[in-house]
Amino acid sequence: MLTILYDGIAYGMLLFVLACGLSVTLGLMNFINLAHGAFAMAGGYCTVFLVNRLGLPFALGLPIAFLVTALIGGLFERTLYVHVYARSHLDQVLFTIGLVFMSVAAVDYTMGSSQQFVQIPEALQGQFEVDGIGMGKYRLLIIVICGLLTVALQLILAKTRFGSRLRAAVDDQRVARGLGINVGAVFGITFAFGSGLAGLGGALGAEILGLDPTFPLKYMIYFLIVVTVGGTSSITGPFFASILLGIGDVAGKYYVPKLGAFVIYAIMIIVLIWRPQGLFARGAAR
Amino acid sequence: MTANADEVARYLKRRARWSPFEIAFWIFAFATIWLFPGKYLILKDTAILALFALSLDLILGYAGIISLGQAAFFGFAGYFAGLVAKYGIINEPVIALVCSGLIAAALGFVTSFLVLRGSDLTRLMVTLGVSLMLGELANRYSNITGGADGLQGVEIEPVLGRFRFDLFGHNGYVYCLIVLFICFVIARRIIYSPFGLSLRSIKGNTLRAAAIGVPVKWRLVAIYTVSAGLAGIAGALLTQTTAFCSLDVFSLERSADLLLVLIIGGTGYLYGGLIGAVIYKFLQDWLSNLTPQYWQFWIGLVLVVIVLIGRERMAGWVRIVRSLLVRLGTWLMPRLPALGGAAPDGR
Amino acid sequence: MSETMPKTTPILQTIGLEKRFGGILAAQNVNLAVEPGARHALIGPNGAGKTTVINLLTGVLRPTAGRIELEGRDITSLLPHQRVRLGIARTFQINQLFLDLTPLESIGLVVSERLGSGADWWRLVGTKSAVTDEIVEIVERFRLADVMHERTAILPYGKQRLLEIALAFACRPRVLLLDEPAAGVPEAERHELLATIEALPKDVTVLLIEHDMDLVFSFAERISVLVNGALFVDGAPDEVARDPRVKAVYLGEELSA
Ligand SMILES: Nc1ncnc2c1ncn2[C@@H]1O[C@H](COP(=O)(O)OP(=O)(O)O)[C@@H](O)[C@H]1O
Ligand SMILES: [Mg+2]
């Protein structure tokens with residue numbers, strides 16, 4: 001029981017790191033990015049390549065995965081995404097689904113369709129026991145890293161100048177422009193950073209989520225659930241949504257193994273109908 | 001200039017007349033039965049895809065609802081058609097087809113209330129969620145559906161008790177084509193009716209539509225239901241002509257591909273889904289010969305490029321080609337009384 | 001010299017109407033009564049809440065407090081299209097037209113809806129003579145015959161403005177709400193527009209929002225002044241014109257503008 005809670009929290013925190021970039025893109029530019037998972041996948045494969053093929057230590061693989069994906073994200077944002085911001089939601093959906101298809105096929109072509117595993121250090125394998133409850137060491141690492149990241153994110157948003165600009169831009173783009181904030185640049189940086197986080201999440205999560213070319217499709221709905229259920233007005237919303245989703249998914253798969261995902265989708269639909277702005281949105285009552 | 005009622009009536013009705021282009025299109029479509037005897041399987045798949053895309057066009061092109069969940073109705077009716085045939089509940093395919101369409105429409109009606117709330121993104125999520133849920137259910141009740149192995153042992157009786165689905169797919173294709181045509185005529189009729197006009201008004205300006213007395217919600221519910229029914233008929237056709245149904249009928253890829261099909265052909269003029277299906281199947285055939293297994297990459301690229309170029313601009317070109325064709329058609333019609341092979345240029 | 005007030009029941013009436021947008025009170029305690037057949041004007045400086053009142057009357061917005069009655073019947077909770085069926089139609093300050101349809105189709109749509117054939121899905125558009133006859137009448141009344149086959153998007157602004165009113169009129173409302181119908185119409189096309197407004201049938205009650213004081217005073221038999229969301233002055237044109245507070249408000253606006 002507590003193991004499920006533990007695993008669920010680890011899973012949820014992972015989802016949060018994966019999806020929080022998406023939440024900002026959606027909130028800031030009202031942009032539907034279905035290709036977010038592709039960046040996560042890029043991070044995962046990057047780590048596989050660095051650690052398994054080049055023999056780099058795992059601890060080094062993670063930050064590099066972050067940087068590489070952030071770079072890719074930034075590049076895509078500047079060259080491709082900027083053209084699509086002002087388009088209709090349908091165009092955004094088509095565009096990003098196209099990117100997903102391309103990434104899936106490209107990864108399949110270069111890395112093969114089989115599932116990949118990152119070689120994690122001995123020290124992180126296995127379990128330890130607290131009060132007779134088995135807890136995976138690797139999951140503890142995930143909780144620690146993701147927890148730290150969450151705190152850091154919260155601090156960046158709340159305390160730094162960039163954070164306040166970002167919040168201003170999220171609240172009202174026009175006003176932010178009026179205040180002399182370069183919304184385009186803020187968005188570019190945020191997009192790159194969010195992609196980087198997704199990449200880091202993909203690298204960390206390869207072990208738990210499984211890494212194969214269909215990753216962006218498989219987890220697309222999960223990221224979207226985090227964002228829509230959590231709302232886009234803060235990062236605490238997506239955070240709690242992630243944790244709930246993580247615990248719910250792990251518990252669902254444990255207790256009703258054959259209906260696990262069904263429960264998640266059903267809950268998502270109910271929440272979206274009940275509170276279309278998200279469970280944790282401010283003033284969701286309009 | 002003054003208006004008079006006869007002229008107004010004539011003008012309003014004129015739009016609904018079958019243009020030479022359309023007539024040529026359908027003549028060609030039926031001519032394929034004799035023109036490409038070795039290609040029945042791909043032709044049949046194209047016809048089913050075309051019907052499926054037509055169903056999406058009704059809600060996307062005419063009511064502006066973005067859906068990633070048309071597969072829900074396709075798959076639901078597909079399994080329904082398979083199950084009623086397998087257990088001998090409804091043996092005659094045409095009756096089973098109609099029932100499949102109705103049951104999909106019923107599902108569409110029920111889920112429409114979930115879908116029609118909220119923003120584009122919520123709609124996207126809810127439509128997708130519904131189809132994924134059905135997929136999970138089909139997986140869960142594998143004792144009925146066959147789970148991951150697919151629904152096996154389906155035996156389809158001859159259509160109308162006479163035409164058995166043969167190995168070459170000839171009867172299957174003719175059956176699908178006729179169903180496609182009938183469904184198309186129904187959809188076309190709906191589009192040119194006052195009901196269809198009110199849908200266009202809702203898509204054009206929802207605020208104003210409500211302000212002139214259009215019950216927006218009910219009209220959307222109605223078209224969503226019809227669209228679900230057509231998608232269901234497409235799904236049932238697939239099951240009947242392959243005597244098989246598997247879990248991938250519910251997949252996200254199916255709905256996403258469908259969007260692509262419709263986008264290639266263009267939305268909001270009914271032929272988009274049909275032309276898109278032809279191009280898509282052609283591309284798929286060609287690309288998967290070129291780079292087997294990775295053709296999805298090119299499909300993705302097509303989507304990205306279409307968006308970057310801009311759909312409006314593409315639609316502009318299509319409109320020019322179309323008006324040229326129509327003019328060509330009107331020029332040809334009186335000259336060629338026995339018009340047989342004026343092929344509409346699919347590309 | 002002031003007109004004697006008719007003692008009939010108002011056709012449209014609001015009681016304590018209030019609308020709050022977050023911190024702003026866009027309408028507060030509005031008690032507006034429109035008499036049957038009236039030519040009633042609602043004026044006030046920009047941002048006074050006039051459009052908000054129209055939105056409340058037509059159901060685009062839900063009031064945060066108060067009631068709306070049509071001939072004594074509470075319609076506060078009805079949906080926009082239901083109010084249209086009961087006889088309230090409106091135009092929009094900023095054109096809300098069907099840009100891809102022609103005026104003929106747009107008007108045809110409204111007429112079909114009203115005659116109850118809007119949900120017919122098997123009959124083709126234009127096959128019902130009751131509908132086409134009425135389309136012709138409206139097209140003529142609003143001087144749209146020469147552009148009736150054009151796409152709405154490419155019509156001159158003045159014609160679009162006429163169509164804006166035509167669509168509302170085609171609902172055959174008992175109360176017609178016009179939100180700044182002449183706003184932005186160039187001088188050359190203005191005359192045509194004002195003439196059609198003047199020529200609206202007398203049995204249709206009109207509530208007009210307008211900034212053009214010449215139009216207001218030539219048209220209205222009664223004027224209500226809205227300031228900061230509250231009804232400020234309500235009376236016959238000459239009373240309102242003489243009211244020093246109204247002058248102050250308008251003078252103030254001119255100074256700040
Ligand atoms: N949808 C809305 N959300 C928030 N504030 C609004 C909205 N509509 C109007 N307002 C505010 O209500 C006030 C009245 O606006 P409006 O009714 O448009 O004035 P008018 O039509 O008299 O110029 C304004 O301060 C405006 O900013
Ligand atoms: Mg206004």
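Predicted model: local features only at pLDDT ≥ 70, side-chain atom pairs only at ≥ 80, totals over all residues.

User: Why is C:Arg90 called buried?

Analyst: The relative accessible area of C:Arg90 is 2%. Buried means under 20%, so C:Arg90 counts as buried. C:Arg90 belongs to strand 7 (residues 88-90) of chain C.

User: Which residues is C:Arg90 in contact with, leaving aside its neighbours within four places in sequence?

Analyst: From chain B, the contacts are B:Arg208 and B:Ala211. From chain C, they are C:Ile54, C:Asn55, C:Thr58, C:Val60, C:Ala168, C:Leu177 and C:Asp179.

User: What makes the pairing of the C:Arg90 and C:Asn55 side chains a polar contact?

Analyst: The separation is 2.7 Å, and a polar contact needs N or O atoms within 3.5 Å, one able to donate a hydrogen and the other to accept it. The side chain of C:Arg90 also makes a polar contact with the side chain of C:Thr58, at 3.4 Å. C:Arg90 and C:Thr58 are 32 residues apart along the chain, and their C-alpha atoms are separated by 7.5 Å.

User: Why is helix 1 of chain C called largely enclosed by the rest of the structure?

Analyst: Because 8 of its 9 residues are buried, helix 1 of chain C is described as largely enclosed. The buried residues are C:Lys50, C:Thr52, C:Val53, C:Ile54, C:Asn55, C:Leu56, C:Leu57 and C:Thr58. Just after helix 1 of chain C comes C:Gly59, with a positive phi of about 90°.

User: Why is C:Thr51 called partly exposed?

Analyst: C:Thr51 has 26% relative accessibility.

User: What makes C:Glu105 and B:Arg200 a salt bridge?

Analyst: Their closest N and O atoms are 4.0 Å apart. The criterion is a side-chain nitrogen of Lys or Arg within 4 Å of a carboxyl oxygen of Asp or Glu, and C:Glu105 with B:Arg200 is counted as a salt bridge. The count between chain C and chain B is 4 salt bridges. The side of chain C that touches chain B takes two or more residues from each of helix 2 (80-86), helix 3, helix 4 (129-141) and helix 5 (157-169) of chain C. By class, that side has 23 nonpolar, 10 polar and 11 charged residues.

User: How many residues does each chain bring to the contact of chain C with chain B, and what area is buried?

Analyst: Chain C brings 44 residues and chain B 35. About 3700 Å² is buried between chain C and chain B, with carbon and sulfur atoms giving 69%. There are 11 residue pairs in polar contact between chain C and chain B (both at pLDDT 80 or more). Among the 2 pairs of chains that touch, chains B and C have the most contacts.

User: How do you know that chain A and chain C do not touch?

Analyst: Contact requires heavy atoms within 4.5 Å. Chain A and chain C do not touch by that criterion, and their nearest C-alpha atoms are 9 Å apart.

User: What do chain A and chain B bury between them, and how many salt bridges are counted?

Analyst: The area buried between chain A and chain B is about 3900 Å², of which carbon and sulfur atoms give 80%. The salt bridge count is 0, and 2 residue pairs are in polar contact (both at pLDDT 80 or more). Helix 4 (89-111), helix 9 (215-230) and helix 11 (260-274) of chain A each supply at least two residues to the side of chain A that touches chain B. Helix 4 of chain A gives the most, with 16 residues. That side of chain A has 32 nonpolar, 5 polar and 4 charged residues.

Technical notes
Residues numbered from 1 in each chain as written. Chains lettered and ligands numbered in written order. Heavy atoms only, no water. Helix = DSSP H or I, 4+ residues; strand = E, 2+ residues; numbered from the N terminus. Buried < 20%, exposed > 50% of the residue type's maximum accessible area, 1.4 Å probe, protein only. Buried area = accessible area lost by both parts, 1.4 Å probe. Nonpolar A, V, L, I, M, F, W, Y, C, P; charged D, E, K, R; others polar.
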